[in-house]
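Please look over the sequence and the structure shown below before reading on. The report takes up a few features that can be followed by residue number.

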Amino acid sequence: MVGFKVYRRELKYKTSKLIEFIDITRDVEGVVGESGVRTGLTHIFVPHATAAILANENEHGLLNDFTELIRELFRPGGGWMHNRIDNNAHAHLAAGFIGADRTFPVEDGRLVRGTWQNIFLVELDGPRSMRRVVVTVTGEVD
Ligand code: ZN
């Protein structure tokens with residue numbers, strides 16, 4: 001008989017730079033494994049206004065390119081209105097564009113993703129002593 005399950009776990013990370021990409025793929029796949037869900041979806045959500053979730057290749061040059069692009073498009077210390085009250089407008093703007101979540105399929109108990117598609121927590125206003133990532137796995141269990 002097939003049952004239905006919702007399994008949720010919170011992951012925590014310490015960040016060390018203003019803009020930083022933290023590969024959380026293994027941790028997310030660990031949550032999928034412990035969930036017991038065979039067929040369903042995994043939702044990865046960051047409950048912060050100045051951090052984001054991204055799926056892309058974990059290649060050093062590319063991550064530098066992403067960092068440079070973010071710095072160009074959303075200039076830290078630029079003349080943003082939000083900087084009048086809180087000096088992190090760039091982080092809010094970049095987080096708004098990258099997005100706070102991603103969803104992946106789960107098939108045969110495993111996360112479905114491309115070979116060059118790792119999952120990153122994107123720090124945009126670091127360093128921070130603690131960033132939270134909420135992983136929810138939902139679907140059919142045996
Ligand atoms: Zn702010």
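What follows describes paired strands, a metal site and the nonpolar cores of this predicted model.

## Paired strands

Strand E3, which covers residues 39-45, pairs in the antiparallel sense with strand E8, residues 131-141, over 7 bridges, and within this pairing Gly-40 stands opposite Gly-139 of E8. Strand E3 is also joined by 6 bridges to strand E5, residues 101-107, and these two strands run antiparallel; here Phe-45 has Asp-101 of E5 as its bridge partner.

## The zinc site

The zinc ion has as its protein donors His-82 and His-92, each through NE2, together with Asp-86 through OD and Asn-88 through OD1, at 2.1 to 2.2 Å from the ion. Along the chain these donors follow the spacing H-x3-D-x1-N-x3-H.

The arrangement counts as irregular because the 4 donor atoms subtend angles of 91 to 154 degrees around the zinc ion. Asp-86 is partly exposed, at 34% relative accessibility, and His-92 is likewise partly exposed, with a relative accessible area of 28%.

In soluble globular proteins, nonpolar side chains tend to be buried together. The largest nonpolar core in this model has 22 residues, and those with the most contacts inside it include Ile-24, Val-28, Ile-44 and Ile-119. Among the elements that each supply at least two residues of this core are strand E1, helix H1 and strand E5, while E8 gives the most, with 4 residues.

Leaving aside neighbours within four places in sequence, Ile-119 is in contact with residues including Ile-22, Ile-53, Phe-104 and Leu-111. A second, separate core has 14 residues, among them Phe-21, Ala-94, Ile-98 and Phe-120.

Technical notes. Residues numbered from 1 in each chain as written. Predicted model: local features only at pLDDT ≥ 70, side-chain atom pairs only at ≥ 80, totals over all residues. Heavy atoms only, no water. Pairing = 2+ DSSP bridges. Donors = N, O, S within 2.8 Å, 3.2 Å for Na, K, Ca; no water. Tetrahedral: all angles 85-135°; square planar, octahedral: opposite > 155°, others 65-115°. Buried < 20%, exposed > 50% of the residue type's maximum accessible area, 1.4 Å probe, protein only. Core = buried A, V, L, I, M, F, W, Y, C linked by side-chain atoms within 4.5 Å. Contact = heavy atoms within 4.5 Å.
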